[in-house]
Amino acid sequence: MSALQPVRGTRDILPEEMRRQRAVIETAREIAERYGYLEMATPIFEFTEVFKRTLGDTSDIVTKEMYTFSMKEGEQITLRPENTAGVARALMSGGLSQQLPLKFFYAGPMFRHERPQKGRQRQFHQFGAELLGVPKAQGDIELIALGAHILTGLGVYENTSLELNTLGDSDSRTAYRAALVEYFSDHRDDLSGDSRDRLERNPLRILDSKNEGDRKIVAGAPVFGDYLNAESGEFFATVKEGLEALGIAYNLNPRLVRGLDYYCHTAFEFTTEMLGAQSAVLAGGRYDGLVETMGGPATPGVGWAAGIERLSMLMDKEIPAPRPIAVIPVGQASEAVAQPLAHKLRHAGYGIELGFSGNVGKRMKRANKLGARAAVLLGEDELAKQSATIRDLDTGEQELVSLDAVVEYLVRFR
């Protein structure tokens with residue numbers, strides 16, 4: 001048997017990369033809380049119906065990408081491929097509809113059986129925000145502003161572009177769908193097999209086809225804006241004016257769609273050219289029909305999700321490891337003192353590295369390798385004086401300090 005490896009499409013996240021991903025999450029969490037969003041978490045797996053009912057039987061996620069399992073009881077469960085459906089389910093099963101409006105954010109792993117490549121794994125992580133119970137365009141503006149603020153906080157906003165489109169209301173979508181069916185029916189023989197199937201089931205999804213032949217046909221397709229009714233046009237105008245008032249630049253992209261029926265009005269993506277094929281780093285839209293599709297009361301909603309791996313890759317700043325204080329016993333007698341001192345210092349709030357073995361030279365070498373800020377040396381001479389030698393590892397300067405005063409003395413090295 002060959003050496004064990006991670007399952008294809010999964011990977012270990014080691015400390016250096018983990019620090020970057022944690023920086024993404026902590027920055028996003030802190031900014032989301034400024035906007036009044038509260039953290040929540042849903043289970044990593046749900047009954048399969050949660051996703052089938054919301055993502056649709058014809059979507060690629062349901063037909064090709066979900067990890068679904070049968071339980072002993074005969075029930076089907078699925079590892080979550082996205083989290084908006086889980087949040088909507090929580091709204092219903094938790095009886096939260098009486099508390100609207102609700103602002104939630106979350107962070108965690110998602111799972112899709114896709115072809116792995118740079119910036120796309122089968123287990124990946126997202127940070128997302130959802131606003132439930134607000135039907136007005138101001139909700140869309142706030143969610144987009146929150147996303148832009150987080151990208152700014154991460155130092156990546158300047159490397160992204162906001163793509164914006166409207167999907168209109170149900171009447172506008174019905175009119176547009178009819179126009180698309182008529183147009184693509186005239187090109188049926190030249191469409192890919194997937195797009196011919198979508199023509200029958202969900203023609204809007206043809207607009208998002210990656211097939212080169214399809215894309216040439218899509219270039220001449222009707223534009224959604226020509227089929228917006230007055231109410232939808234006014235909604236979109238309010239969104240655009242709101243973003244302009246906040247100084248958030250955008251590019252109108254009439255081909256940006258969400259193929260599921262419960263999506264409406266605003267669709268948006270923050271994209272980048274710095275990650276190759278995986279250009280979207282934060283994407284979302286309005287989904288007023290989602291909760292109703294799941295069997296709940298009609299509930300307006302808007303939200304987005306961002307790829308934590310992609311954002312961490314986009315960040316150009318290094319996140320340094322914390323610099324500990326090294327406690328180094330010199331000789332056997334000092335070992336009995338070093339452990340209680342390290343314990344005391346950790347409870348006082350210091351990060352302490354206490355080597356488990358080796359002579360002074362080896363322990364100092366390890367302390368330098370870890371980037372330790374200072375070393376607390378405990379030798380026979382120090383113990384005789386109930387003291388420790390504290391060495392500044394940046395300057396080389398050192399001082400003899402009473403053991404009772406070590407906690408206060410080390411404040412300068414925080």
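The radius of gyration is taken here over C-alpha atoms, and the rule for a globule is 2.2 Å times the number of residues to the power 0.38. With that in mind, begin with the whole chain of this predicted model: a compact globule of 414 residues would have a radius of gyration near 22 Å, whereas the protein chain has 28 Å.

**The whole chain**

Show the C-alpha trace, which spans about 90 × 60 × 45 Å along its principal axes, and then switch to a cartoon, where 15 helices and 16 strands make up the count for the protein chain. If you colour the residues by burial, 50% of the 414 count as buried. Turning to contacts between residues at least 6 apart in sequence, you will find that 69% of them join residues at least 24 apart.

Next, select residues 45–47, which form strand E2, and residues 67–70, which form strand E3, together with residues 76–79, which form strand E4. These strands make an open sheet with antiparallel pairing in the order E2-E4-E3, and its edge strands, E2 and E3, each pair on one side only. Neighbouring strands here are turned by 30° against each other on average, with direction ignored. Between E3 and E4 the antiparallel pairing runs over 4 bridges, and if you pick Tyr67, its bridge partner in E4 is Leu79.

**Charged pairs**

Side chains of opposite charge can pair when their charged atoms come close. The whole structure holds 14 salt bridges, and a few of them deserve a stop.

Select Arg22 and Glu26, whose side chains meet in a salt bridge at 3.7 Å, N to O. Both residues belong to helix H1 (residues 15–34), and because they are 4 residues apart there, about one helical turn separates them. Glu26 is partly exposed, at 43% relative accessibility, and Arg22 is partly exposed too, at 48%.

Move on to Arg120 and Glu114, a salt bridge of 3.9 Å, N to O; here Arg120 is buried, with a relative accessible area of 19%, and Glu114 is buried at 18%.

Finally, select Arg286 and Asp140, which meet at 2.7 Å, N to O. Arg286 lies in strand E10 and Asp140 in helix H5, so this pair ties together parts that are 146 residues apart in sequence. Both Arg286 and Asp140 are buried.

How values were computed: Residues numbered from 1 in each chain as written. Predicted model: local features only at pLDDT ≥ 70, side-chain atom pairs only at ≥ 80, totals over all residues. Heavy atoms only, no water. Pairing = 2+ DSSP bridges. Helix = DSSP H or I, 4+ residues; strand = E, 2+ residues; numbered from the N terminus. Axes fitted to C-alpha atoms, helices over the stretch in contact; angles between N-to-C directions. Buried < 20%, exposed > 50% of the residue type's maximum accessible area, 1.4 Å probe, protein only. Contact = heavy atoms within 4.5 Å. Salt bridge = Lys/Arg side-chain N within 4 Å of Asp/Glu carboxyl O.
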